[in-house]
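Please open the structure in a viewer and keep the sequence panel beside it.

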Amino acid sequence: MLICAPPALLLPPPGSSELGRHALAVALLVLLALLAAWWWRSRRARPAPGAGGAAPSSGAPSALQQLARGLHKTRARLGLALRRALGQEPSEQTLEELEVALLEADLGVATSEAILEDLRRAWRAGEARSTEALLARLKDDLSRELVAAGNGARLAEAPVPPTVVLVVGVNGVGKTTSIAKLAHHLRQQGRRVLLAAADTFRAAAVDQLRVWSERLGVPIVAAQTGADPAAVVHDALEAAIARGVDYLIVDTAGRLHTHQNLMKELEKIKRVIRKRLPEAPHEVLLVLDATTGQNAIAQARAFREVTEVTGIFLAKLDGTAKGGIVVAIARELGLPVKFVGLGEKPEDVQPFEPRRFVEALFAA
Ligand SMILES: Nc1nc2c(ncn2[C@@H]2O[C@H](COP(=O)(O)OP(=O)(O)OP(=O)(O)O)[C@@H](O)[C@H]2O)c(=O)[nH]1
Ligand SMILES: [Mg+2]
């Protein structure tokens, strides 16, 4: 920017007077102001986090392909059941078989029944008599169910950084790995991220997050095992503010809703955050393990009764043939699924988009 400035503005004219020096100072100030404005605009112009994946570079799979691949187990089971149901001339019997297929994919009883009711209505009205029409209606119904529960909502973004994201869940569901994925995703969107290792309970937990921090090149604030997690979060928040990072992501110890001490510890972490930033945490992501099926829903329900949750990170969707659990979560919890985990690598993640999910579910 400075290089582009006309040389006449930067060089004092021969025999410059005091007036000339003032003019030079003013010109430099104007240039600095322009530079600051340009920097600010470029910061604001970045896409919102969660606005789809990064555009695939040539040769990289599209978001739909990545999701379809991640859902391969579910697709195999659902596809088989659907082919069984839809492979023949559709009849009332087909509808029964469709219901079984949906239940097998773990869409949940309530969701499967609601969808079947709509399909039966359409069938009786003569609106969905062909295989194609039935499938199209099924996809629309599923998308509607997902959208109605608020899915597709983006990750929160505080008007003034940092946005504080607290990541919670029971032991081993995938919290730390999901944090690495989230950090990777945010970095790809041009956000500056800081990690806080507030799982000081389990011996190897801090090291695990430290390894991710090094691998991803994302800074971390950590303390010794056994340190007070709220103190770690306090220090991390101060660092996030001082360094002007966009997102502070806090890893927490695995806990059951019945662990009174650990739940109290979580409330203490929140209090410490609120003392410094009254609007924070802006997001409390509950990580659920998709392979645990309906148990994940019971877990989420119990968790919500004791602490506030703003969204779900559904990990290990690649490890289950019951990926329909996403739909059940949406309907039964009314909590948005914000991200899905599709493998163990940092790039195996996607913001959850209902229509893409439904397309991937039925991809050939
Ligand atoms: N296949 C697959 N594995 C995953 C995914 N997310 C996490 N994992 C694996 O799940 C295991 C547990 O993950 P962690 O991230 O350590 O889980 P955690 O909730 O932090 O565990 P604790 O801190 O012990 O409570 C690891 O082996 C991860 O590689 C996923 O989306 N897909
Ligand atoms: Mg962990």
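Select Lys316, which counts as buried because 24 other C-beta atoms lie within 10 Å. The term buried requires 20 or more other C-beta atoms within 10 Å of the residue's own; 12 or fewer makes a residue exposed, anything in between partly exposed, and C-beta atoms are placed from the backbone. Lys316 has a positive phi of about 65°, although it is not a glycine. The residue is found in the loop between strand 6 (311-315) and helix 13 (325-333). Helices (H or I, at least four residues) and strands (E, at least two) are DSSP runs, numbered from the N terminus.

This is a predicted model, in which local features need pLDDT of at least 70 and side-chain atom pairs count only at pLDDT 80 or more, while totals for chains, interfaces and linings use all residues. Residues are numbered from 1 along each chain as its sequence is written, and chains are lettered from A and ligands numbered from 1 in the order in which they are written.

**The whole chain**

The chain has 14 helices and 8 strands. Of its 364 residues, 43% count as buried. Among contacts with a separation of 6 or more, 74% are between residues 24 or more positions apart; two residues are in contact if their C-beta atoms, placed from the backbone, lie within 7 Å.

Move to Asp106, in the loop between helix 5 (92-104) and helix 6 (109-124). Phi of Asp106 is near 70°, a positive value in a residue other than glycine. Is Asp106 buried or exposed? Asp106 is buried, because 25 other C-beta atoms lie within 10 Å.

**Two cis peptide bonds**

Select Pro161 and Pro162, which are joined by a cis peptide bond with omega of about 5°. Pro162 belongs to the loop between helix 7 (131-148) and strand 1 (163-168).

Then select Ala280 and Pro281, where a cis peptide bond has omega of about -5°. Pro281 lies in the loop between helix 11 (260-276) and strand 5 (283-289). Ile273 is buried, as 23 other C-beta atoms lie within 10 Å. Leaving aside neighbours within four places in sequence, Ile273 is in contact with Val164, Val233, Leu237, Ala280 and Pro281.

Next, select ligand 1. Which residues come nearest to it? Of the 22 residues around ligand 1, these are Gly174, Thr176, Thr177, Gly254 and Gly341; a residue is near if its C-beta atom, placed from the backbone, lies within 6 Å of the molecule. Helix 8 (residues 175-188) supplies the largest share of this shell, 4 residues. By class, the shell has 4 nonpolar, 11 polar and 7 charged residues. Here Ala, Val, Leu, Ile, Met, Phe, Trp, Tyr, Cys and Pro count as nonpolar, Asp, Glu, Lys and Arg as charged, and the others, Gly among them, as polar.

**Helix 14 and its partners**

Select helix 14 (residues 354-361) together with helix 3 (residues 63-70): the two pack at an angle of about 55°, with their axes 9 Å apart. Axes are lines fitted to C-alpha atoms, for helices over the stretch in contact, and angles run from 0 to 180 degrees between N-to-C directions. Ala63, Leu64, Leu67 and Ala68 in helix 3 meet Arg356, Phe357, Glu359 and Ala360 in helix 14. The residues of this contact divide into 6 nonpolar, no polar and 2 charged.

Helix 14 is largely enclosed by the rest of the structure, because 6 of its 8 residues are buried. The buried residues are Pro354, Arg356, Phe357, Val358, Ala360 and Leu361. They pack against helix 3, helix 4 (72-86), helix 7 and helix 13.

**Helix 7 against helix 13**

Finally, display helix 7 with helix 13, whose axes come within 8 Å and cross at roughly 45°. The contact is made by Leu142, Glu145 and Leu146 of helix 7 and Val327, Ala330 and Arg331 of helix 13. By class, this contact has 4 nonpolar, no polar and 2 charged residues.
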